2 protein chains.
Amino acid sequence: MPTVRVLRIGHRPERDRRVTTHVGLAARALGADGMYLAASDSGVVSSISDVVARWGGDFFVQDRVTWRRCVEDWKAAGGTVVHLTMYGLRMIDVIDDIRSHEKLLVVVGAGKVPGDIYGMADYNVSVTTQPHSEISSLALFLDHLFEGKELSREYPDAKIRVLPTKAGKRTVER
Amino acid sequence: MPTVRVLRIGHRPERDRRVTTHVGLAARALGADGMYLAASDSGVVSSISDVVARWGGDFFVQDRVTWRRCVEDWKAAGGTVVHLTMYGLRMIDVIDDIRSHEKLLVVVGAGKVPGDIYGMADYNVSVTTQPHSEISSLALFLDHLFEGKELSREYPDAKIRVLPTKAGKRTVER
């Protein structure tokens, strides 16, 4: 399976804080390694880092990256760039091909994205060709990429874990 | 396949507007019929209705519902209630069973939810048992429920459609 990192572009501090935090948490819960944020937003970084500290794993968030540099460095190091956009090729048509790559950078935009990204990406991928959300697009992309195996992932170093239950809330803390 | 409607609870106008709009758009793009919103927020209703008008289909949004009444009426009419919560049973363990029901109301909360909902729901379902986002949870739940068939859905009455493409943006308007 490929290793995956997410690059969040077009983030506007304040306005996008909650959505970008959801992008990062979905990335972590669905098997990505970390998120680069092309903006300065310590609120996003601390929210996600707090979740990692309690719930385990080594997902990282790095803000203040320059998106173009991040994409260029990734490609120079032999990685593959996937841009999620509703205008791209259908996910179900390209996901098997994408899965054969070793290192994926998944670019998700907020609102309008710089036009250059379409040409710089190795794959422009559309999840449904309908408008919905970068959070749902990323989640579905990762789930199809990892073929559902990420859904039962455990985080052995977690301070808190959920014990799945029919009704109510059960957790174990250590 | 079951028919599905979403009930969004705990929505705070302003603060949750964007996330709730994403919930509604993901619901529409992934095969649900409509969304009930347990709050008054004409901004959410008009954003989603604008997408429906351009992109087709008959997804509806109804705000100002009372969540308890909505759940009770749904059950009284023979429907099944699924509450998405990270504390519930693992989705992969219950999704086949849930798929056998005809009418599903999928309840998604923002932040804290009223404790009663755990007991009123027929199923409390967790997507990963990790904290992420109600948007990614709903998307993954619907995709697993419909077994990916919803991803290629067409909306014949759309004013605008995407022509999937390798790079750039191609649409047809009529």
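I started at helix α6 (residues 134-145) of chain A, which lies across β1 (3-9), β4, β5 (103-109) and β6 of chain A and runs at about 160° to β5(A). The model is predicted: local features need pLDDT of at least 70, side-chain atom pairs count only at pLDDT 80 or more, and totals for chains, interfaces and linings use all residues. Residues are numbered from 1 along each chain as its sequence is written, while chains are lettered from A and ligands numbered from 1 in the order in which they are written.

Conventions I kept to: helices (H or I, at least four residues) and strands (E, at least two) are DSSP runs, numbered from the N terminus. Axes are lines fitted to C-alpha atoms, for helices over the stretch in contact, and angles run from 0 to 180 degrees between N-to-C directions. Residues are in contact if their C-beta atoms, placed from the backbone, lie within 7 Å.

**Sheet, chain A**

I looked up the strand order and found an open sheet of six strands, β3-β2-β1-β5-β4-β6, with parallel pairing; strands pair if DSSP finds at least two bridges between them. β3 (60-62) and β6 (123-126) of chain A are the edge strands, each pairing on one side only. From one strand to the next the twist averages 30°.

Strand β4 (residues 80-90) of chain A runs parallel to β6(A), and five bridges join them. I noted A:Leu89, whose bridge partner in β6(A) is A:Val125.

**α4 against α6, chain A**

Next came the packing of helix α4 (residues 91-99) of chain A on α6(A): the axes come within 10 Å and cross at roughly 55°. That angle makes α4(A) oblique to α6(A), given that under 35 degrees counts as roughly parallel, over 145 as roughly antiparallel, 65 to 115 as roughly perpendicular and the rest as oblique.

From α4(A), A:Met91, A:Ile95, A:Ile98 and A:Arg99 meet A:Phe141, A:His144 and A:Leu145 of α6(A). I sorted this contact by class and got five nonpolar, one polar and one charged residues. Here Ala, Val, Leu, Ile, Met, Phe, Trp, Tyr, Cys and Pro count as nonpolar, Asp, Glu, Lys and Arg as charged, and the others, Gly among them, as polar.

**Relation of the copies**

**Interface**

Last, I listed the contact between the chains: 39 residues from chain B and 39 residues from chain A. On the chain B side, α1(B) gives the largest share, six residues. That side divides into 19 nonpolar, 14 polar and six charged residues.

Note on methods. Contact = placed C-beta atoms within 7 Å.
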